[in-house]
Amino acid sequence: MQFDDESDPRHHAQKIRQMLNDTAEHARSDVSKVSDPKAQALFETTAEVLKGLVKAFEDFEQKRERAWADNTSNR
């Protein structure tokens with residue numbers, strides 16, 4: 001889903017989500033490029049953490065989690 005209105009926070013969330021996803025993929029691809037097990041673990045952990053953030057941004061954009069849903073009926 002594309003959010004083009006710059007006043008919509010989901011527009012900015014979408015851009016940040018893409019950057020996080022790109023960075024996670026880069027970190028994961030670097031695991032196989034280095035031989036240091038500690039560096040490999042760091043890159044893999046980085047990818048996992050970033051993928052968790054990507055999921056949170058997706059949930060925000062789609063309002064899938066209760067915390068992100070409009071609660072206008074509860075006011």
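The buried residues of α2 pack against α1 in this predicted model, where local features need pLDDT of at least 70, side-chain atom pairs count only at pLDDT 80 or more, and totals for chains, interfaces and linings use all residues. Residues are numbered from 1 along each chain as its sequence is written, and side-chain values use heavy atoms, with hydrogens and water left out. On the α2 side, the buried residues are Ala39, Ala47, Leu50, Val54, Asp59 and Glu61; buried here means under 20% relative accessible area, exposed means over 50%, and partly exposed covers what lies in between, with a 1.4 Å probe and protein chains only.

The chain has 2 helices and 0 strands, where helices (H or I, at least four residues) and strands (E, at least two) are DSSP runs numbered from the N terminus. Helix α1 covers residues 9–31, and helix α2 covers residues 37–62. With 26 residues, α2 reaches 37 Å from its first C-alpha to its last, close to the 38 Å expected at 1.5 Å a residue; that expected span is 1.5 Å times one less than the number of residues in the helix. At the start of α2, a side-chain oxygen of Asp36 comes to within 2.9 Å of the backbone nitrogen of Lys38. At the other end, α2 is followed by Lys63, which has a positive phi near 55°.

Ala24 sits in helix α1 and Ala47 in helix α2. Ala24 counts as buried because its relative accessibility is 0%, and Ala47 is likewise buried, with a relative accessible area of 0%. Leaving aside residues up to four places away in sequence, Ala24 touches Ala47, Leu50 and Lys51, while Ala47 touches Ala24, Ala27 and Arg28; a contact means heavy atoms within 4.5 Å.

Arg17 is found in helix α1 and counts as buried because its relative accessible area is 16%. Its contacts, again not counting residues up to four places away in sequence, are Val54, Phe57, Glu58 and Glu61.

Charged pairs come next. Side chains of opposite charge can pair when their charged atoms come close. The structure holds 8 salt bridges, each defined as a side-chain nitrogen of Lys or Arg within 4 Å of a carboxyl oxygen of Asp or Glu. One of them joins the side chains of Arg28 and Glu48 at 2.4 Å, N to O. Arg28 lies in helix α1 and Glu48 in helix α2, so this pair ties together parts that are 20 residues apart in sequence. Both partners are partly exposed: Arg28 has a relative accessible area of 31%, and Glu48 has a relative accessibility of 47%.

Another salt bridge links the side chains of Asp59 and Arg64 at 3.0 Å, N to O. Salt bridges that share partners join Lys55, Glu58, Asp59 and Arg64 into one network. Within that group, Asp59 is buried, with a relative accessible area of 5%.

Asp8 lies in the segment before α1, and its side chain meets that of Arg10 in a salt bridge of 2.8 Å, N to O. The side chains of Asp8 and Arg10 also make a polar contact at 2.8 Å, a term that covers a pair of N or O atoms within 3.5 Å; within protein, one must be able to donate a hydrogen and the other to accept it, and residues adjacent in sequence count only if both atoms are side-chain atoms. Asp8 counts as buried at 15% relative accessibility, whereas Arg10 counts as partly exposed at 22%.

For the chain as a whole, buried residues make up 24% of the 75 residues. Among contacts between residues at least 6 apart in sequence, 46% join residues at least 24 apart. The chain exposes about 5600 Å², and carbon and sulfur atoms supply 54% of that area; accessible areas come from the Shrake-Rupley method with a 1.4 Å probe, and for residues only the protein chains shown count as cover.
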